[in-house]
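Dear colleague,

Please read it with the model open beside you.

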Amino acid sequence: MESQRRPQYQEVFRTLQLPQHLLFSLMSVLDLFGVNFWGRTIAGHANHNALTDMVRLLPFALITVYVWRYARTRLGEIRQNRSFSGDDPVSDILVLGSIMDAVAASTLNFNIPGEDIIRYFLPVLLFMPIVYARSGKVKETGGIFLGAIVCSLLACLLTWYPRPDQEDIDPYQVGHQLDVRPLVAILRQQHLTQGYTDYWHGSLTTFVSGGTARLRAVTVNTDVSSMPPGTCALEARPWLSKRDWYLLQSLQGSDRIFFLAYLQSPQNNEHLSQASVIKNLGKPDQVVPVDEELSLLVYDRQRVLSCDGLFEWEKKK
């Protein structure tokens, strides 16, 4: 029986890619606390060099030691009293939640590229300061934390230099950050300020442009059976966006509305293809190439206003 189980465990081990996943998890935790100094130079600009990261190791080490001591003490009390209930059940629940979150984030396969798994450790960053604040030990170690903060600020000042405009768009080397600076340059050249695109390009391009261009995230409704023939299937996707941008009046003052779309239909359904835009709005008034994958489809504002799906959420408020 044991010999039969072993191949099954090995298959699960290979499927989860556990060693690689654990390494990504470790690097994510270090990134989360700002102490990942591997692969960086001693000097450099603020918050992106080994010196400032190593200084921040002090509070990170204190947090790690405190969590370990807290867990060891509570386990001893549980063994002695044979009960999980302690003097501070809120802290116990937060520590338990932190452990569960850390184990899940370190072992489960979320199909996240590289260190982008960092997002799943955020509950730990929230729970543990609360536990520490409730412990009554803030006064004992407050001076050390204050000293670490002062040293960090000093190190930042000593290693600071002005950021060049062409600095690496992906400083943490996660490997999936889009470089939309060429796109922003084209939008400014074409005097295009109001548009629609997929979720991944929307907020980032708006941010990089400094708000001079507004790109609203949209999606395509694939359930055409529930829609009358000829209905525009483009729909607003105002998730993590300003909903006011999806109002009809948000397009006032601009006669040219653009859609940033992929030339070919991508495998990811969240991306917006050129074919889907043309299918719903017809042939554009102008096509502006962006790169080998993307183009700008420019329409007259009245044609865009005819697509009720882009503003449908307004009627459901």
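Y299 counts as buried, at 1% relative accessibility, where buried means under 20% relative accessible area, exposed over 50% and partly exposed in between, with a 1.4 Å probe and protein chains only. This is a predicted model, in which local features need pLDDT of at least 70 and side-chain atom pairs count only at pLDDT 80 or more, while totals for chains, interfaces and linings use all residues. Residues are numbered from 1 along each chain as its sequence is written, and side-chain values use heavy atoms, with hydrogens and water left out.

The aromatic residues come next. A pair of aromatic rings is described by the distance of the centres and the angle of the planes. Rings of Phe, Tyr and Trp (its six-membered ring) pair if their centres lie within 6.5 Å, and planes under 30 degrees apart count as stacked, over 60 as edge-to-face and the rest as tilted; by this rule there are 3 aromatic pairs. One of them is the stacked pair of Y196 and F259, with 5.2 Å centre to centre and 20 degrees between the planes. Y196 lies in strand β1 (residues 194-197) and F259 in strand β4 (residues 256-262), so this pair ties together parts that are 63 residues apart in sequence; helices (H or I, at least four residues) and strands (E, at least two) are DSSP runs, numbered from the N terminus. Both Y196 and F259 are buried, and the relative accessible area of F259 is 0%. F259 and Y299 also form a pair, edge-to-face, at 5.8 Å centre to centre and 90 degrees between the planes. Since Y299 lies in strand β6 (residues 294-300) and F259 in β4, this pair ties together parts that are 40 residues apart in sequence.

β1 and β2 pair in the parallel sense over 4 bridges, and R216 in β2 is the bridge partner of Y196. β1 and β4 also run parallel, joined by 3 bridges. Both faces of β1 are covered, with Q194 and Y196 buried on one side and G195 and T197 buried on the other.

Finally, the whole structure holds 1 disulfide, defined as a pair of cysteine sulfur atoms within 2.5 Å. C232 and C307 form it, with their sulfur atoms 2.0 Å apart. The torsion about their S-S bond is about -75 degrees, so the disulfide is left-handed. C232 lies in the loop between β2 (214-220) and β3 (234-236) and C307 in the segment after α11 (301-305), so the pair ties together parts that are 75 residues apart in sequence. C232 counts as buried at 12% relative accessibility, and C307 is buried at 0%.

Notes:
Pairing = 2+ DSSP bridges.
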